[in-house]
Amino acid sequence: MPIAVDIDVMLARRKMTVGELADRVGITPANLAVLKNGRAKAVRFTTLAALCEVLKCQPGDLLRWEAEDAAGE
């Protein structure tokens, strides 16, 4: 998928666990893992805003676009 999720990078920078982040954002650790591992098909803006608020970052710190490999198309 061309959208990469860098939640794990921000978690490391903030010295926070997945469980703690899920708790503070108000989502289940399982749903956070789906998002963190890039398996989510969508993310609600309210969830993205909550992640940014808790992690004190911008959406671009969590999500980035990567060009797909031309050989894989």
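Me: Is glutamate 20 buried, partly exposed or exposed, and how is that read?
Reply: Buried means under 20% relative accessible area, exposed over 50%, and partly exposed in between, with a 1.4 Å probe and protein chains only. Glutamate 20 has a relative accessible area of 33% and is therefore partly exposed, and arginine 24, at 47%, is partly exposed too. This is a predicted model, in which local features need pLDDT of at least 70 and side-chain atom pairs count only at pLDDT 80 or more, while totals for chains, interfaces and linings use all residues. Residues are numbered from 1 along each chain as its sequence is written, and side-chain values use heavy atoms, with hydrogens and water left out.

Me: Which side chains does glutamate 20 meet in a salt bridge?
Reply: Side chains of opposite charge can pair when their charged atoms come close. A salt bridge here is a side-chain nitrogen of Lys or Arg within 4 Å of a carboxyl oxygen of Asp or Glu. Glutamate 20 meets arginine 24 in this way, at 3.6 Å from N to O. Because the two are 4 residues apart in helix H2 (residues 18–25), about one helical turn separates them; a helix is a DSSP run of H or I with at least four residues, a strand a run of E with at least two, each numbered from the N terminus.

Me: How many salt bridges are there by this rule?
Reply: The count comes to 3. Aspartate 6 pairs with arginine 64, the closest N and O atoms being 2.6 Å apart. Glutamate 66 also forms a salt bridge with arginine 64, at 2.3 Å, and shared partners join Asp6, Arg64 and Glu66 into one network.
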